[in-house]
Amino acid sequence: MRTYGGRTSRRRFALALTPLLVGASVLLAGSAAGAVSVAFAGEVPVTVHAARISGSGVSASPAASGRGGLLPALATRVEQATVEDACVTSTARLPVVGAVTAVVRIERASATGLTVEAGKATAGSVKLSGAEFSTPRMSLDRPTGLFTVGARKVSGRDVVTQPHAFTAGTITSRGVAVEMRRGEGGCGPGTTR
């Protein structure tokens, strides 16, 4: 009697992974047709590049994100948000296959009730209208050390962020393309389309 070891070839692993990837692509493409409630929190790093963003009813304050609140973050709440020419990338390391990068390109997306917890964000330019800054106090002479920044409207160009988590009441998008690539990489400046 012969026994065979438990090895799986790369081709068999890719074939087994294909239905999962196709299902995820269909889910993302299907969500592009209508409004979807969305929540994301994960261990795999995600990077979002956007040519233009705009929002209204914005407030931001320090927070902790991740399992057990391990990562410092800025929690930003936007009542109405619009993103144009966005590219979202995430690279995961899979057994046998190695690094696999998901690239999602979005022509335009709008969201309501959007909250993003991010540890890092950069922008080429930012414009705030109706800006406010406040520091809560335990007493008249003792601030809590936290702060809140708010604005009636905000817009930005060439924005890059790495969210730890986000939630949204609804997200509606158009012009969505999903691509899976072997290896690392993704969106760089000027490659959002």
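These notebook entries record what I looked up in a predicted model of a protein.

**Entry 1. Overall layout**

I began with the secondary structure, which comes to 1 helix and 9 strands. Read from the N terminus, the order of elements is α-β-β-β-β-β-β-β-β-β. I then looked up burial and noted that 24% of the 193 residues count as buried. The accessible surface is about 12400 Å², and carbon and sulfur atoms account for 59% of this area. For contacts I took residues at least 6 apart in sequence; of these contacts, 78% join residues at least 24 apart.

**Entry 2. Nonpolar cores**

Which residues make up the largest nonpolar core? I found 7 of them: Val58, Val78, Ala81, Ala111, Leu114, Val154 and Ala168. Strand E3 (71-94), strand E4 (98-122) and strand E9 (148-182) are the elements that each give two or more residues to this core. I noted also a second, separate core of 5 residues, among them Ala50, Ala86, Ile106 and Ala109. As background, nonpolar side chains in soluble globular proteins tend to be buried together.

I next followed Leu114, a member of the largest core. With neighbours within four places in sequence left aside, Leu114 is in contact with Thr76, Arg77, Val78, Ala81, Phe166, Thr167 and Ala168.

**Entry 3. The aromatic pair**

I searched for aromatic pairs, and the count came to 1. Phe133 and Phe147 form this pair, with 5.8 Å from centre to centre and 25° between the planes. The pair counts as stacked, because planes under 30 degrees apart are classed in that way. Where in the chain do Phe133 and Phe147 lie? Phe133 belongs to strand E6 (residues 132-134) and Phe147 to the loop between strand E8 (142-143) and E9, so the pair ties together parts that are 14 residues apart in sequence.

I also checked the accessibility of each ring-bearing residue. Phe133 is exposed, at 60% relative accessibility. Phe147 is partly exposed, with a relative accessible area of 29%.

**Entry 4. Salt bridges**

How many salt bridges does the structure hold? I recorded 7. As background, side chains of opposite charge can pair when their charged atoms come close.

I looked up the bridge between Glu184 and Arg93, where the closest N and O atoms are 2.2 Å apart. This pair links distant parts of the chain, with Glu184 in the segment after E9 and Arg93 in strand E3, 91 residues apart. Are the two partners buried or exposed? Glu184 is exposed, with a relative accessible area of 57%, and Arg93 is exposed, with 59%.

Next I took Arg174 and Glu107, which form a salt bridge with the closest N and O atoms 3.2 Å apart. Arg174 lies in strand E9 and Glu107 in strand E4, 67 residues apart, and the pair again links distant parts of the chain. I noted Arg174 as partly exposed, at 47% relative accessibility. Glu107 is partly exposed, with a relative accessible area of 33%.

A further salt bridge joins the side chains of Arg181 and Glu179, at 3.2 Å from N to O. Arg181 is partly exposed, at 27% relative accessibility, and Glu179 is partly exposed, with 36%.

Lastly I looked for charged residues joined in groups. Arg52, Glu84, Asp85 and Arg108 are linked in a network of salt bridges.

Definitions and conventions: Residues are numbered from 1 along each chain as its sequence is written. This is a predicted model: local features need pLDDT of at least 70, side-chain atom pairs count only at pLDDT 80 or more; totals for chains, interfaces and linings use all residues. Side-chain values use heavy atoms; hydrogens and water are left out. A nonpolar core is a set of buried Ala, Val, Leu, Ile, Met, Phe, Trp, Tyr and Cys residues joined through side-chain atoms within 4.5 Å. Buried means under 20% relative accessible area, exposed over 50%, partly exposed in between (1.4 Å probe, protein chains only). Helices (H or I, at least four residues) and strands (E, at least two) are DSSP runs, numbered from the N terminus. Contact means heavy atoms within 4.5 Å. Rings of Phe, Tyr and Trp (its six-membered ring) pair if their centres lie within 6.5 Å; planes under 30 degrees apart count as stacked, over 60 as edge-to-face and the rest as tilted. Accessible areas come from the Shrake-Rupley method with a 1.4 Å probe; for residues, only the protein chains shown count as cover. A salt bridge is a side-chain nitrogen of Lys or Arg within 4 Å of a carboxyl oxygen of Asp or Glu.
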